[in-house]
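Let's take a walk through this one, a few residues and a pocket at a time. Have the viewer open and follow along.

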Amino acid sequence: MAPIQNPRIIFNSIPEGYPIPGETLVVDTSESIDPDTAPLGGGALLKIICISVDPYLRGRMREPHIPSYFPAFPLHKPIHNFAVARVLRSENPDVKVGQHLYGWLDFTHYQIVDAEGLKKLRVLPEGTGVPWSAYVGAAGMPGQTAYYGWKVLEPKKGETIYISTAAGPVGSAVVQLAKAAGLKVIASAGQEGKLQFLRELGADVVFNYKTANLEEILKEHAPIDIYWDHVGGKTLDAVLPRMNLHGRILIVGHVSSYNSKPDPVYNLDQFLALRIRMYGFLVTDHEEQYGKEFYDVVPGKIARGELKYTETVVHSLEEAPQLILDVQQGNNAGKAVVVLEDN
Ligand SMILES: NC(=O)c1ccc[n+]([C@@H]2O[C@H](COP(=O)([O-])OP(=O)(O)OC[C@H]3O[C@@H](n4cnc5c(N)ncnc54)[C@H](OP(=O)(O)O)[C@@H]3O)[C@@H](O)[C@H]2O)c1
């Protein structure tokens, strides 16, 4: 086969606010590859099937000296994220042609991964009936976030939980875990379509945080035993006085400040008054403890239709920078994913 173009999404400049398609992130078409003959150096040639677009990617578009839980993306290099890829060629005995692998891969079509890199990828089961795109969503990192966070919190039947950004891949999985466990679920999102999905999942109280009066709703349904926080800022501040004695807060994200300065949280006195416990949560910390159980349980639930999810899909790399912006601005509904090859 003659060499073919192998486009990539490059981190081109550090944004001040929202990432700008074509400026922060650019599509680079200068590289080509011959999939039949490209040297593998003991590794494998992978074809990317789908790649996830997650809110945390914005945090990686920063100055490299600023510390955080994942390193900054290097400027002028391809960005990467959780992806599913098929093995096209392999010189590695542990990786077979035709297998599907999951892990951090570049926003590109073809990628050669060396032996060390291959060790970090998970071989996915074949023929489960679960679409590959779900392995970056409900059966991937966002689903793990819900599953592992749930273990950390140890919720009890009859408790009340409030979940912000509840219609996304993490939140919607938490809503379903909470309903199945007999909790009262308060869920918020920013679009009517997302609210409808939350009603279908059985959430007890559903509201649009952009138009409803958050303080009034929380007051009406207080006390809240668990706040699953994806947002931070003003929402967290409004929740604190409505928590129950010994309530728990899981800090999973703070999307309200990913593209701007955080709003102050004033109600910190409530931590003492209500003896609230707050946990900072990172999904990868819990992989070793719960990873096997997650893959034993969750893909099966998806295949049987017991765990529901929605997706916003684009079908080309060229659309990825806009989708990355859409996730930051709430214009996605459910798991945002770039699907480069359908099942
Ligand atoms: N700690 C971890 O290990 C971990 C792992 C995965 C995800 N997370 C975090 O969990 C959260 C949910 O992730 P996801 O993948 O399920 O996300 P997602 O739904 O794809 O997240 C994007 C959503 O955030 C909402 N949003 C954007 N700006 C907002 C604002 N200013 N205020 C309130 N909501 C805003 C929008 O939904 P609305 O239309 O509803 O506003 C948007 O659709 C994110 O904060 C993410 O960073 C953390």
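Which residues does aspartate 326 touch, not counting residues up to four places away in sequence? Keep in mind that this is a predicted model. Aspartate 326 touches Asn331 and Asn332 under that rule. You'll find aspartate 326 in helix α10, which covers residues 320-329. Here's a detail to check by eye: aspartate 326 is buried, yet has no salt bridge. The nearest side chain of opposite charge belongs to lysine 194, and that is 10 Å away.

Now hop over to valine 113, in strand β8 (residues 110-113). Valine 113 counts as buried because its relative accessibility is 7%, and the cut-off for buried is under 20%. So who's around it? Leaving aside neighbours within four places in sequence, valine 113 is in contact with Gly43, Ala44, Leu46, Leu105, Leu118 and Leu121. Asparagine 12, on the other hand, is 101 residues from valine 113 in sequence and 23 Å from it in space, C-alpha to C-alpha.

Threonine 284 counts as partly exposed because its relative accessibility is 38%.

Last stop, the second largest pocket, with a volume of about 480 Å³. Of the 23 residues lining this pocket, the closest to its centre are Arg58, Gly59, Arg62, Ser257 and Tyr258. The lining as a whole divides into 11 nonpolar, 6 polar and 6 charged residues.

Terms used. Residues numbered from 1 in each chain as written. Predicted model: local features only at pLDDT ≥ 70, side-chain atom pairs only at ≥ 80, totals over all residues. Heavy atoms only, no water. Helix = DSSP H or I, 4+ residues; strand = E, 2+ residues; numbered from the N terminus. Buried < 20%, exposed > 50% of the residue type's maximum accessible area, 1.4 Å probe, protein only. Lys, Arg positive; Asp, Glu negative; His and termini not counted. Salt bridge = Lys/Arg side-chain N within 4 Å of Asp/Glu carboxyl O. Contact = heavy atoms within 4.5 Å. 1 Å grid on protein atoms, 1.4 Å probe; cavity = no way out; pocket = protein on both sides within 12 Å on 5 of 7 lines; lining within 4 Å. Points joined across faces, edges and corners; volume = space filled by probe spheres on them. Nonpolar A, V, L, I, M, F, W, Y, C, P; charged D, E, K, R; others polar.
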